[in-house]
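This report covers aromatic ring pairs and the charged side chains placed over rings.

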Amino acid sequence: MALTGLDIFKKLPKTNCGECGVPTCMAFAMKLAARQVEIVLCPYVSDEAKAELSEASAAPIKKITLGTGDYAFNIGEETIMYRHEKTFVNPAAFGVVIDDAADDATIVNKAKSAQAMEYERVEQKLRPRVVGIKATSGSADKFAAAVAKAAENTKLPLILISDDPATVKAGLDIVKDNKPLVYGADSNNFQAMADLAKEAGVPLAVKAATLEELADVSEKVIAAGVKDIVLAPQAKDAAEGLKDLVYIRRAALRQKYKPLGFPTITFPANGIADPELEMALAGVHLMKYGGLIMMNDLDPARVLPLLVLQQNIYTDPQKPMQMSEGIYEIGEPKDDSPVLLTTNFSLTYFIVSGEVEASRVPTWLCVMDVEGLSVLTAWAAGKFVPEKIAEFVKKSGINDKVKHHNMILPGYVAQISGELDEELSDWKVIVGPREAGDIPHYLKSWSAG
Ligand code: SF4
């Protein structure tokens, strides 16, 4: 059972030295109980207490790291079933599977595309993060050659996929320093796979057709000395697969069942030829509760919506997604282009900027920081009011970019236009459309004069 702040406090030195970054041992204990800090920050706690508190404060789903350097990432470390309870911690990672029997050009192309694919949305970089090499050729040499070829063409961490320990070893010898995932141990090969993973210091995926068997293999691999595990349930169909993922999460969180206290890996296309169905299942696995989601290919038309869904699922529901305050240039605005004002709630930004783009009228979009609230909410909260807007406009630098000084105000706050006119004496405030959908028509008929 998780320790309370008071339980933790009893095991701390109680000197209140502040070296952990908080002023008192009690405050540190409370933060530790809330998993906001790690026990290693206290240099004076005894080794015995450190071991006990590390164990007690660890997330019920272990954090697993793949890769090294800039492309390393974590999965797991989750503490909740549902996003509205708190927030998910480490986003599920999408990846692509490359067949080792494929020709060199295909391997190079898939590895390079995975590396190159990146989208920026709400100032976050969204991208696939892992590449799997699957042994289907039946040759350890061919597998090793495919691993080497992929590693030359991508810095993303690799997953070495084979049931044969000798084949995995051939690939591992090439990339073990980059912390790949070995996939995978089953009830037949677990000892040899565990030995390989332990020796190389890399995580190991365990797989089985039923959850009972999965837990059994996981326990055996733990007993063999492997600490970092990824679970690969092998259900016979999509419905059973979803059920397995939910049961694993529940067993880890609610029952604190250690053999299933690890992140998962899924292959949504398993036995499915239809890429649209693969995408739909990948979306299901993203929401419940895939850690690594491996796709047959990375068609941008299917991957981008999944990455956007991932961004939405893994943002903190207690903090609105927001854009940075500033002036955004849409098209190539000039000194006679219209100036629109809006707030930095990301959804507001995307809707407004999308409609401005659709109008094909180059525009200056002034986005004011109101802590991520929409226009009406920000106004009601006293954050999007004439005095504050005037302050923002003056410091934004928009004055120097245009010669006309006409500011288009969102129609939803038409009631503040008079007062804003007074606050912004060198600007003329014009009430724009209430609905973003009317922006294209409005901008096309707009004239600086
Ligand atoms: Fe207490 Fe340790 Fe923090 Fe010092 S560093 S205040 S002893 S918890």
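How many aromatic pairs does the structure hold? The model is predicted, and it holds 4 aromatic pairs.

One of them is formed by F88 and Y314, with 5.6 Å centre to centre and 50° between the planes, a tilted arrangement. F88 belongs to the loop between β2 (73–75) and β3 (93–99), and Y314 to the loop between α11 (300–313) and β13 (326–330), so this pair ties together parts that lie 226 residues apart in sequence. F88 is buried, at a relative accessible area of 7%. Y314 is buried as well, at 13%.

A further pair joins Y349 and F350: the ring centres are 5.5 Å apart and the planes stand at 75°, so the pair is edge-to-face. The cut-off for that class is an angle over 60 degrees. Y349 has 12% relative accessibility and counts as buried, while F350, at 28%, counts as partly exposed. Both residues also belong to a cluster in which ring pairs link Y328, Y349 and F350.

Which residue has its charged end over the ring of F9? That residue is K14, at 5.6 Å from the ring centre. R129 lies over the face of F73, at 4.7 Å from the ring centre. The table lists these two contacts.

| Charged residue | Ring | Distance to ring centre |
|---|---|---|
| K14 | F9 | 5.6 Å |
| R129 | F73 | 4.7 Å |

Methods:
Residues are numbered from 1 along each chain as its sequence is written. This is a predicted model: local features need pLDDT of at least 70, side-chain atom pairs count only at pLDDT 80 or more; totals for chains, interfaces and linings use all residues. Side-chain values use heavy atoms; hydrogens and water are left out. Rings of Phe, Tyr and Trp (its six-membered ring) pair if their centres lie within 6.5 Å; planes under 30 degrees apart count as stacked, over 60 as edge-to-face and the rest as tilted. Helices (H or I, at least four residues) and strands (E, at least two) are DSSP runs, numbered from the N terminus. Buried means under 20% relative accessible area, exposed over 50%, partly exposed in between (1.4 Å probe, protein chains only). A charge sits over a ring if NZ of Lys or CZ of Arg is within 6 Å of the ring centre and within 35 degrees of the ring normal.
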